[in-house]
Amino acid sequence: MSVFFPHADFKRIYQIPTEFFQQRGLTVALLDVDNTLTTHDNPTPHKEVLGWLERQRNSGLRLMILSNNTEERVAPFAEGLGLEYIADAHKPLGGPLRQALGKLGVRPEETAVIGDQIFTDILCARLAGCTAVLVEPMEPEPMAFFRVKRTLERPILRAYRKRKGRG
């Protein structure tokens with residue numbers, strides 16, 4: 001399987017059932033922020049995300065934010081949710097992800113990385129040996145950089161869906 005293919009995909013993060021984590025022996029979920037928990041630069045998560053986070057906490061899943069965004073963006077967002085975080089994570093590079101695993105005292109095999117981008121979130125998870133979970137972006141990004149990345153992701157998504165029998 002390609003390092004760009006997720007292990008699983010869902011439309012929205014709040015559609016990932018608790019059983020998904022339990023059946024795979026996952027005890028930790030590292031969460032992206034923008035376009036995964038909320039829209040870009042939005043200071044509050046989608047209301048359904050709040051319920052999902054609470055359900056996962058109640059099930060015993062440990063949650064932490066792992067974001068490439070800045071400390072100024074991530075800190076207040078994470079603190080508002082009562083979550084630990086690592087900002088400026090430089091995904092797909094693995095240093096901050098390994099730091100998160102060490103801080104939480106878990107192995108990659110026990111960890112899911114959930115995000116909306118193939119070249120950051122999914123590649124980072126796959127290279128580290130974590131479960132890679134792709135969610136669709138909550139909204140299209142207006143910046144040219146993201147439009148280029150989304151264009152480059154399309155053939156990978158087509159190949160992934162074809163392999164999964166959905167293409």
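Which residues of β5 lie on one side and which on the other, and are they buried or exposed? In this predicted model, in which local features need pLDDT of at least 70, side-chain atom pairs count only at pLDDT 80 or more and totals for chains, interfaces and linings use all residues, both faces of β5 are covered, with T111, V113 and G115 buried on one side and A112 and I114 buried on the other. Residues are numbered from 1 along each chain as its sequence is written, and side-chain values use heavy atoms, with hydrogens and water left out.

Helices (H or I, at least four residues) and strands (E, at least two) are DSSP runs numbered from the N terminus. In a regular strand the side chains alternate between the two faces of the sheet.

Strand β5 pairs in the parallel sense with β2 (residues 28-31) over 4 bridges, where pairing requires that DSSP finds at least two bridges between two strands, and L31 stands opposite I114. A parallel pairing over 4 bridges also joins β5 to β6 (residues 131-135), in which V133 stands opposite I114. From β5 the chain crosses through helix α5 (residues 118-128) to β6 in a right-handed β-α-β crossover, that is, one whose path from the first strand over the helix to the second runs clockwise with the strands pointing away from the viewer.

Technical notes. Buried < 20%, exposed > 50% of the residue type's maximum accessible area, 1.4 Å probe, protein only.
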